[in-house]
Every structure is written in structure tokens, then in C-alpha cells.
Amino acid sequence: MQLNDMVLVSIDDHVVEPPDMFKNHLPAKYQDEAPRVIMNDAGVEQWLYKGRVTGNMGLNAVVSWPAEEWGMDPASFAEMRPGVYDVHERVRDMNRNGILASMCFPTFTGFSARHLNHHQDPLTLIMVSAYNDWHIDEWAAAYPDRFIPLALLPTWSVEGMVAEIRRVAAKGCRAVTMPELPHVEGLPSYHDLDYWGPVFDVLQETGVVMCLHIGSGFEALRLAPDSPVDNMIVLATQISAIAAQDLLWGPAMRAYPDLKFAFSEGGIGWIPFFLDRCDRHYTNQRWLRRDFGDKMPSEVFRDHSLACYVTDPSAVKMRHLVGIDNIAWECDYPHSDCFWPDAPEQVHAELGQAGASDEDIDKITWQNSCRFFRWDPFTAKTKEESTVGALRALATDVDVSIRPRAEWAKRFEDSGKKISYAQA
């Protein structure tokens, strides 16, 4: 397959939410209580909700910055490439990168809405729903043929989760983001059907996919206190295997035949060893009397799961051991792992070196994702209009230069745009 003939669907990207995101999605009486962007005394932008602050760190938005300016330090909206938070500029950047469609995980809320869910009260139920309305009705609806909507849940309330899943499913949303390891957040583990059973029931009934993004389970990594940040970044992917173990050996995958799980940003290299180990354990440790019916654990995992990767050259060569129908590609825009604006070149080279057939390439780059999330990629464009080459032809004017953060801030200032800060 030629590079320009590929179709790319990324099921793990990120949106840095704009400061006014709640404006159109809350009744007037709640506007003053909504999460808002403030400027603290040190001149740093932060999101504030009920006295609790969080911010945007540099690694959230490195696209178009020189690598020496990447880091964990705070990043302001003015310093960011506009496609990070502006949906219209995002689509232009997607065109330049040859990407047809994107699923965008949250930023300020945390991947499983933990920043909001820290507050377990009726107001937070309203804020979670308002976030979802912004994401579904404003961000994704601006270009419904380019975004696969993804919703948050109030994980501390079973009744709230069930109601919100039904509500967003009725809007056409086919995915929710949930904790990898809820027990590290003080919630019952996924082994607890008294808690999670009603949630699993409604997810299965509605066909909504449960997405588990690396990072929400960092507390599972008891790293040395003097270890460098490299340890956390490299080992975060291993949390996917821990989450998969809880779901596969607990009741979720064994008792709910139509429940679907997407493992986000954990890569795919861990899967062959994990499945070999599971099958060996199941056949060898019969005294434990686990029941997978007439299937092996590896078969049950593959029946339920999709896993995505940015780059994973060794695992792509072992794609049939992973499961060719269980692999999807992701871009991870605008994070530090992403390839922009040359993702097609990276994907094509890696799959080519692995000897992937045209059929395998299509499955990995778009077919598996679209099937798994029940999303039709060609509602507004034909397949021919959706290829890397066709989309890039629409974006010849997109600036791909690398610029220091200060220069992006100067461009923002010169544009006349302003960030309206709320009172702390």
C-alpha cells in the first residue's frame, strides 16, 4: 500500500479544553460554580473547581515546540499551538497529518475525570454532564465526521454512571473513559460486582466501550522515591497489563460476553507475553478452578479488547500473536509521544518493515477502530476523499514550523486574542 492511500483513524488523542467550555452547557445558576481558568499569584494559568486546582503541563501540548522546551512545567494557552484547544485548527492539523478521525481524551479533568470526581456531590454530577455536552455537542459536533465522541463518568456514583451512560449513548456517544485501577482511587475494584455490575450491565446493553487510558493508575507503581521521571513514563504502559488482569480474571470479561474494553496508550507489546502467561497459568493451576467456559483466557481477552499503539515496531512484527483484529493505531496529538506532521511516514515505514499486507494495514489503521466503536468513517467523505493524500491536499497552507514557546505566545498576543480569567 502506498503511503498516500492509507486511511488513518486515531483512537487516542487529547484536547486541552478551552477556558469557556462550560459557558454554553450550564444553566445560569451554575455558571459561577463551574470549573474555571484563573491566573495564580505566580502568573500560572490553572483550572479551579471548588477550591481545588489543576493545570496544563508542558508535556500536554508539545506540538510545534522545540524538544529542549518540553517538560513538566506549566504551559499557558498562549504558548500552545492553537490546534491543541481550537477545534477548527485541530481539524486543519489533522488534515496536514493525514488523519481522518480522532478520539480525544480529556486533560484538565484527568483521564478518568478524577479532578472533578474528587468532589462527590450533586453539583459534580451536573459538571460531568456539562463536560460531556461540550465534548459531544460542541467539540465533536463541529465536525461529526472527524471525531469519535468520548464521555466522562461520575465514578463515585453507580446511579450517576448508569444514568450518564444511557444519556450519552442516546446522543450517539459510543465510548466512556474510566479508571484503569479504580481501587487506587479509593473506589471498589473491578472485581466487585455489587458496585460495578450495574455499570457493566448498561455498558453491555448500550454497546458503549469502556476506555482505560494509562496514567489514571499511576499509584500502582511504587517507584523508588529518588527515581527519575523516565521511570514513570516508561513503566506507565505496564499498568495496562494490571488493568487487563483485573478485567480478564475478574467477572468483567468472563460474565459479560458483549462488554468491550479499549486499552489506550499502553502499546501492544505486552499482550503476547501476558496472554501466553494467562493460558499457561489457566492450564497449569487447575486447583484454582477458574472458569473460562470452553475458551482459553487469551481467546476471551481477544473477544473483548482493542489496544492501540503510537509506535511499537517489535510488536507490529508479532501482530498475529497480539491478534490482528485487536490492534489499532493512535497519534496521541498533542502529547510528547505523538508524530506530527509526519505520522503517515512513521506508520507506513513501521508497517512496511514488519511486512504487513494491505489487509493488515487497513485493519490496524482504521478498520478495527471503526468496527469496535461502531463508527462509520465515510459518512461525509468517500474513502478516496479520506486518504492521507486527499486530506493533506486540503492543508498545504498549514504551518508546520517548530517555534519556541515564547514565539507562540507572541503570535497569540499579536492576534488580538485574550484569555478571560475568572476570580479565584
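Reader: What makes Arg-254 count as lying over the face of Phe-292?

Author: A charge sits over a ring if NZ of Lys or CZ of Arg is within 6 Å of the ring centre and within 35 degrees of the ring normal. Arg-254 is placed over the face of Phe-292 at 5.3 Å from the ring centre. The model is predicted: local features need pLDDT of at least 70, side-chain atom pairs count only at pLDDT 80 or more, and totals for chains, interfaces and linings use all residues. Residues are numbered from 1 along each chain as its sequence is written, and side-chain values use heavy atoms, with hydrogens and water left out.

Reader: Why is the pair of Trp-249 and Phe-292 called edge-to-face?

Author: Rings of Phe, Tyr and Trp (its six-membered ring) pair if their centres lie within 6.5 Å; planes under 30 degrees apart count as stacked, over 60 as edge-to-face and the rest as tilted. For Trp-249 and Phe-292 the centres are 4.9 Å apart and the planes stand at 80°, so the pair is edge-to-face.

Reader: Why is the pair of Tyr-190 and Phe-200 called tilted?

Author: The centres of Tyr-190 and Phe-200 are 6.2 Å apart and the planes make 40°, so this pair is tilted.

Reader: How do you know whether Phe-292 and Trp-249 are buried or exposed?

Author: Buried means under 20% relative accessible area, exposed over 50%, and partly exposed in between (1.4 Å probe, protein chains only). Phe-292 has 6% and is therefore buried; Trp-249, at 11%, is buried.

Reader: What is the relative accessibility of Tyr-190?

Author: Tyr-190 has 0% and therefore counts as buried.
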